[in-house]
Amino acid sequence: MNIIVLGGGVIGTTTAYYLAKSGAKVTVIDRCANVAEETSFGNAGQISPGYSTPWAAPSIPMKAVKWLFQKHAPLAISPDGTGFQLSWMKQMLANCNAQKYEINKERMMRVAEYSRDCIRALRDEIGIDYEHRTGGTLQLFRKPAQLEAMKLDTKVLDECGVPYEVLDKDGLVRAEPALAYASAELLGGLRLPNDETGDCHLFTKRLAEHSKTLGVEFKFNTVIDKIIFDNQKVTGVVANGETLTADGFVLALGSYSRAMAKDLGLDLPVYPVKGYSLTVPIVDETKAPVSTVLDETYKIAITRFDKRIRVGGMAELSGFDKSLNPARRATLEMVTKSLFDGGDLPNAKFWTGLRPMTPDGTPIIGATKFDNLFINTGHGTLGWTMACGSGKLLSDIILGQPTQIKIDGLNIERYR
């Protein structure tokens, strides 16, 4: 079976790997010069199934109003001139209730937990190294209200059988010794010991090299002009003016999937949520994290690589604007300095990328109304967390193999 995967980020590359591993002949098309050059390039670095939480939570509407007037707010909204931005926000608000929150969180955790198992199996099988660590994730709380809100999350964690630890201030230091030097006033935290970390860009590049040994062909610097279809079947794609054909096609273009799908009459509610990161050289090991720490107040993750700290977070709803906002760098630096002052912040690399987010937080994985077109996109801030599981799951769907988790509520049909 010949498959063309549109998109060479971590989602497209993992999908290609699992397809090729199962015997398919795979071609990956991407406009960049290599894999993982856009959203997958500088993300926060955490693989956090236990923190797979929808942005659409019951408390978000009130918080969003407050954030609009805060200097270091985790969310900013700028009109992008499209009706889609407004309709997407309306859909997101419709998911901001306890009932839908639990449904969406279960779907997200289902994929994320499976994905962690997949990446562990992959790592054992091919020996891939990507500066990974298996020290878990620590969520930090600065406010009493955050400790109260944690109860809703732990309820779902209990239902899904996910281990966790509720920590007081002394427990925070035992988990992350460098927090003993933190200037921030911390009340407690939630530790998820099964979570992992790693450099997503490095992982994707090394997995792509391994995939080539399985016969995967990568067509870089190749712009996808359009998808050709006839009735209920996709017949090919036009890329750099050339028509390419295959038995099946995977749409994994991240935030750009919506525009490509629109020409096919598919309405993908995927919005580009802009995020930022800093990559900070470590100068003092004693004041650096050992794994991933999530600051709940500012929605910022601080992740340890070998000799670097990756600091990522914030969400801007501003369309496809990819300019670097100095105010966002100031926020990342402020949070980092208050928790882990062991990095060379003046020489940190500042980056921005667009995360493809659905209004309910759950990715879109599965078949479409076209017999041979499949979708793998909409992972939001959790593309790295869900990548391997999403790729393996979609590969099984395409090749007609039994899936290892339920696929209920994951494909585009949930929006009909």
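The following legends describe close-up views of a predicted model.

View 1. The unreviewed UniProt entry lists residues 3-396 as "domain: FAD dependent oxidoreductase".

**View 2. The largest cavity and its lining.** Three cavities of 30 Å³ or more are found in a search of the whole structure. The largest cavity has a volume of about 50 Å³. Its lining consists of Thr 53, Pro 54, Trp 55, Met 108, Met 357, Gly 361, His 379, Gly 380, Thr 381 and Leu 382. By class, five of these lining residues are nonpolar, five are polar and none is charged.

**View 3. The crossing of helices α4 and α10.** Helix α4 (residues 98-126) and helix α10 (residues 383-398) have axes that come within 7 Å and cross at roughly 90°. Because angles of 65 to 115 degrees count as roughly perpendicular, α4 is described as roughly perpendicular to α10.

**View 4. Residues in the contact of α4 with α10.** Helix α4 contributes Met 108, Val 111, Ala 112, Tyr 114, Ser 115, Cys 118, Ile 119 and Leu 122. From α10, the contact includes Trp 384, Met 386, Lys 392, Leu 393 and Asp 396. The contact has 12 nonpolar, four polar and two charged residues. Met 108 of α4 takes part in this contact and also lines the largest cavity.

Key. Residues are numbered from 1 along each chain as its sequence is written. This is a predicted model: local features need pLDDT of at least 70, side-chain atom pairs count only at pLDDT 80 or more; totals for chains, interfaces and linings use all residues. Side-chain values use heavy atoms; hydrogens and water are left out. UniProt positions are given in the numbering used here, feature names are shortened, and annotations may be inferred rather than shown by experiment. On a 1 Å grid over the protein atoms alone, a cavity is a set of points where a 1.4 Å probe fits but cannot get out, and a pocket is an open set with protein on both sides within 12 Å along at least five of seven lines; lining residues have an atom within 4 Å of a point. Grid points are joined across faces, edges and corners, and a volume is the space filled by probe spheres set on the points. Ala, Val, Leu, Ile, Met, Phe, Trp, Tyr, Cys and Pro count as nonpolar, Asp, Glu, Lys and Arg as charged, and the others, Gly among them, as polar. Axes are lines fitted to C-alpha atoms, for helices over the stretch in contact, and angles run from 0 to 180 degrees between N-to-C directions. Helices (H or I, at least four residues) and strands (E, at least two) are DSSP runs, numbered from the N terminus. Angles under 35 degrees count as roughly parallel, over 145 as roughly antiparallel, 65 to 115 as roughly perpendicular and the rest as oblique. Contact means heavy atoms within 4.5 Å.
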